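Please open the structure in a viewer and keep the selection tool at hand.

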Amino acid sequence: MWEQVRAAAEVTGERPPDELYLLAEVNAGVAEQNRLLGLLPGRRRMFLGLPLLAGLTVPQLRAVLAHESGHYGNLDTRLGGVTRRCRKAVLHTVGVFREGSTRLHYAIGALYVGYARMFLRTSQSVARHQELAADRIAARHAGRDATAAALRNLPVLAAAHTHYLETYAAMGGPLEALPPVGEVYGGFRRLLAARTGERLAALSAGQRPPRPHEYDSHPPTAERIALIEKLPADDRPDGSGDEPAALTLLHDPDRMFAALEARTLPREEARLRRMSWDDLVMARAVADAEGWSRPLRVAVSRALRSSAQGADSTVSVRRGATAEGVSNDRLPGLEEILDAFDRGLLWMAVADRMPKPHQAARLTGPSARNFIRPKIFDGLAGMVHLRLAEAGHATPDIAWSGQPGLVLPEAWEKGMDDALDAAVADTPDTAPLRALLEAGLTHNIIR
């Protein structure tokens, strides 16, 4: 990695950074600890995101390194801090004047806003010129096509990394658990390896790019790519073929990911228990299934208790306890819920006791049924998942190329949705679901 960093710095005729920092972001940058408001050079630092290294090839990383080193060559880092602080101060002052309540505030503010616009536009023009100059340096060092490919990959990698963090790394949040050591960030490599370029691009499809600020210091990415592609062809590939990932430039990536966790995770999170990916998927699936099923179980228990009051003292749930407060073992099981459906309680009593927002409280008839039907479907599906998991019929699937969850037996994969639809129809028919349950029980006995 240091060889590539030094080679990129040599292109600009500048000394390389003194320190290299690895981050948990899809990003790269440089900074300089200058003196005398940037007149005297200081210690240089470069920042590289490990997720960025996992998603770019070595030629594409060369373009990124040359671009960042180009900022050193253009003296951007030396005066960049002063420029950023000035821009921030100007924007803050404009905001204060706009919030003023006196005529003097408005009068002085109107004069200052004119100066602020001039300053921001001037500094913006300089900043954008610096970005485009750094792009040209990158194209000269790494090749035109590799530089354009790196710019195209950045928003795709950013969207994929966000999806990974939300779907995989944070999977154990409700369980107060974490993936194995080094996998909180390192698991991103597995997602990238399992998905084609089209599947990755789909994660960012339909997402609007962030609306640029009126005085954004970076030109739009599409404009930068278009200008790069206008450069003369250099017969160098874009580096997206069989080139190794930039992460291979590190001697021990696993150790780097583990060290990054140790440095960046909050102390409370770092102390959480660690679970394998399979155990994490299974535990989360069970927890989700319990969450989906509980509102339905509570609604059925309340409906059963209400129908039994004054007629039979032997009911499924103790008469003296509120349904919300009883423990799971006092709530009805799957067969009791299906029995309640067969008794005609689903749309007479159970649906009315399912939680719903205030806006839907007055719905009646078909409208009310169509609104609450998906929630009852999910609750029943949760009960089925719990039953299959307890029987050992459901297995965890991390599904790096799709969505993590449970793999069900073939019969359930084919017939479960239809059986659930029949059970929650306007005229409930629980026979298909009972048949699947009976077949599963028979299979369990044979095993």
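A residue counts as buried when its relative accessible area is under 20%. Select G42 in this predicted model: at 14% relative accessibility, G42 falls under that cut-off and is therefore buried. G42 belongs to strand β3, which covers residues 40-49.

**The whole chain**

Next, display the entire protein chain and colour it by secondary structure. The chain contains 18 helices and seven strands. Of its 447 residues, 42% count as buried. Among contacts with a separation of 6 or more, 76% are made by residues 24 or more positions apart.

**The largest nonpolar core**

In soluble globular proteins, nonpolar side chains tend to be buried together. Select L53, Y164, Y168, L191 and W277, the residues with the most contacts inside the largest nonpolar core, which has 51 residues. Then select helix α6, residues 144-169: this helix gives the core its largest share, seven residues. Another core lies apart from this one; it has 38 residues, and L296, A349, A394 and A423 are among them.

Remain on helix α6 and pick out H161, which is found in that helix. Is H161 buried or exposed? With a relative accessibility of 5%, H161 counts as buried. Leaving out residues up to four places away in sequence, H161 touches A24, V26, P51 and F188.

**The aromatic cluster**

A pair of aromatic rings is described by the distance of the centres and the angle of the planes. Six aromatic pairs are counted in this model. Begin with Y164 and F188, whose rings form a tilted pair, 5.9 Å from centre to centre with 55° between the planes. Y164 is part of helix α6 and F188 is part of helix α8 (residues 188-194), so this pair ties together parts that are 24 residues apart in sequence. Both Y164 and F188 are buried.

Move on to W277 and W400. Their ring centres are 5.0 Å apart and the planes stand at 80°; the pair is therefore edge-to-face. This pair links distant parts of the chain, since W277 lies in helix α13 (residues 277-308) and W400 in the loop between β6 and β7, 123 residues apart. W277 counts as buried at 10% relative accessibility, and W400 counts as buried at 13%.

Which residues surround W277? Neighbours within four places in sequence aside, W277 is in contact with Y164, Y168, M171, P179, P180, E183, G187, R190, I398 and W400. To see the cluster as a whole, select Y164, Y168, F188, W277 and W400, which are linked by ring pairs.

**Two residues with a positive phi**

Most residues other than glycine have a negative phi, and most peptide bonds are trans. Select A399, which is not a glycine but has a positive phi of about 50°. A399 is placed in the loop between β6 (395-397) and β7 (405-407). Its relative accessible area is 13%, so A399 is buried.

Now select E176, where phi is also positive, about 55°, although this residue is not a glycine. E176 sits in the loop between α6 and β4 (177-178). Is E176 buried or exposed? At 55% relative accessibility, E176 counts as exposed.

**A pair of packed helices**

For the last stop, select helix α14 (residues 334-342) together with helix α16 (residues 365-390). The two helices pack at an angle of about 145°, and their axes are 10 Å apart. The crossing of α14 past α16 is left-handed. Show the side chains where the helices meet: α14 contributes L334, E335, I337, L338 and F341, and α16 contributes I376, L380, M383, V384 and R387.

Methods
Residues are numbered from 1 along each chain as its sequence is written. This is a predicted model: local features need pLDDT of at least 70, side-chain atom pairs count only at pLDDT 80 or more; totals for chains, interfaces and linings use all residues. Side-chain values use heavy atoms; hydrogens and water are left out. A nonpolar core is a set of buried Ala, Val, Leu, Ile, Met, Phe, Trp, Tyr and Cys residues joined through side-chain atoms within 4.5 Å. Buried means under 20% relative accessible area, exposed over 50%, partly exposed in between (1.4 Å probe, protein chains only). Helices (H or I, at least four residues) and strands (E, at least two) are DSSP runs, numbered from the N terminus. Contact means heavy atoms within 4.5 Å. Rings of Phe, Tyr and Trp (its six-membered ring) pair if their centres lie within 6.5 Å; planes under 30 degrees apart count as stacked, over 60 as edge-to-face and the rest as tilted. Axes are lines fitted to C-alpha atoms, for helices over the stretch in contact, and angles run from 0 to 180 degrees between N-to-C directions. A crossing is left-handed if the near helix is turned anticlockwise from the far one by less than a right angle, and right-handed if clockwise.
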